[in-house]
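Here is a short briefing on one protein chain. Look over the sequence and the 3D view, then read the points below.

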Amino acid sequence: MIVGVIDCLSSPCGNNATCNNTEGSFNCFCKQGFVGDGFNCSDVNECLSSPCGNNATCNNTEGSFNCFCKQGFVGDGFNCSDVNECLSSSCGNNATCNNTEGSFNCFCKQGFEGEGLNCSDVNECLSSPCGNNATCNNTEGSFNCFCKQGFLGDGLNCSDVNECLSSPCGNNATCNNTEGSFNCFCKQGFEGDGLNCSVSVYTHPSSFKKLHFP
């Protein structure tokens, strides 16, 4: 019988240690991930030496460790690359996505308001953006300005249209341009609505009786 063999068979070493039989004796060695004299072996906290990659977290385990990529990153824990969350349409409708290192931001588009996940239309017409003599029409994310009837322009600047230049009134009538409109008046000696003017019965020659003298 080999005496040295008996020593390791009796498990003389501590937990988390291996026994190496020698001629007439034995040696105890702490396993990888542990430190001590072979009889008492304590866990080595590998995370203290920062073995993981950037953008990763280290989780110490009994005799070993694990590396996990942080939220917003993907990889094996030693090499972690940024996840472009914007590719998965993380933001709401009417919003734009801005990818950042390990995260992302959502911004409502111009003409909308909200936190980026829920964006509602801004009614720009409430701030009266159009010019005088114009009306505002709110649209989805924007607005339009239209000059009122009788005015001409781009909606921001509207000038009066002189309708009289197109001779809208009838014959024997005069046209009076007003702000945004016009009036028609029958000339003296005529009567009507300004669009249709006829000789006034009070001035028509046939309305006067001839006087006969003896």
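Strand β13 (residues 134-139) and strand β14 (residues 142-147) run antiparallel, joined by six bridges. The model is predicted. The points below take this hairpin, then another one, then a loop residue, and then the whole chain.

**Hairpin of β13 and β14**

- Within this pair, Cys 136 has Cys 145 of β14 opposite it.
- Two residues lie between the strands β13 and β14.
- In this hairpin, Gly 141 has a positive phi, near 85°.
- In a regular strand, side chains alternate between the two faces of the sheet.

- Strand β17 covers residues 173-178, and strand β18 covers residues 181-186.
- The two strands β17 and β18 run antiparallel, and six bridges join them.
- Ala 173 has Cys 186 in β18 as its bridge partner.
- Two residues separate the strands β17 and β18 in this hairpin.
- Here Gly 180 takes a positive phi near 85°.

**A loop residue: Asn 55**

- Where does Asn 55 sit? Asn 55 belongs to the loop between β4 (41-43) and β5 (56-61).
- Is Asn 55 buried, partly exposed or exposed? Its relative accessible area is 24%, so Asn 55 counts as partly exposed, because buried means under 20% and exposed means over 50%.
- Which residues does Asn 55 contact, leaving aside neighbours within four places in sequence? They are Cys 69, Lys 70, Phe 73, Cys 80 and Glu 101.
- Asn 55 and Gln 71 are 16 residues apart along the chain, and 8.6 Å separates their C-alpha atoms.

**Overall shape**

- Of the contacts with a separation of 6 or more, 17% are between residues 24 or more positions apart.

**Surface and charge**

- Of the 214 residues in the protein chain, 25% are buried.
- The accessible surface of the protein chain is about 14700 Å². Carbon and sulfur atoms account for 49% of that surface.
- The protein chain carries 7 positive and 21 negative side chains. The centres of these two sets are 33 Å apart.

Terms used: Residues numbered from 1 in each chain as written. Predicted model: local features only at pLDDT ≥ 70, side-chain atom pairs only at ≥ 80, totals over all residues. Heavy atoms only, no water. Buried < 20%, exposed > 50% of the residue type's maximum accessible area, 1.4 Å probe, protein only. Contact = heavy atoms within 4.5 Å. Areas by Shrake-Rupley, 256 points an atom, 1.4 Å probe, with all protein chains shown as cover. Lys, Arg positive; Asp, Glu negative; His and termini not counted. Charge placed at Lys NZ, Arg CZ, Asp CG, Glu CD. Pairing = 2+ DSSP bridges. Helix = DSSP H or I, 4+ residues; strand = E, 2+ residues; numbered from the N terminus.
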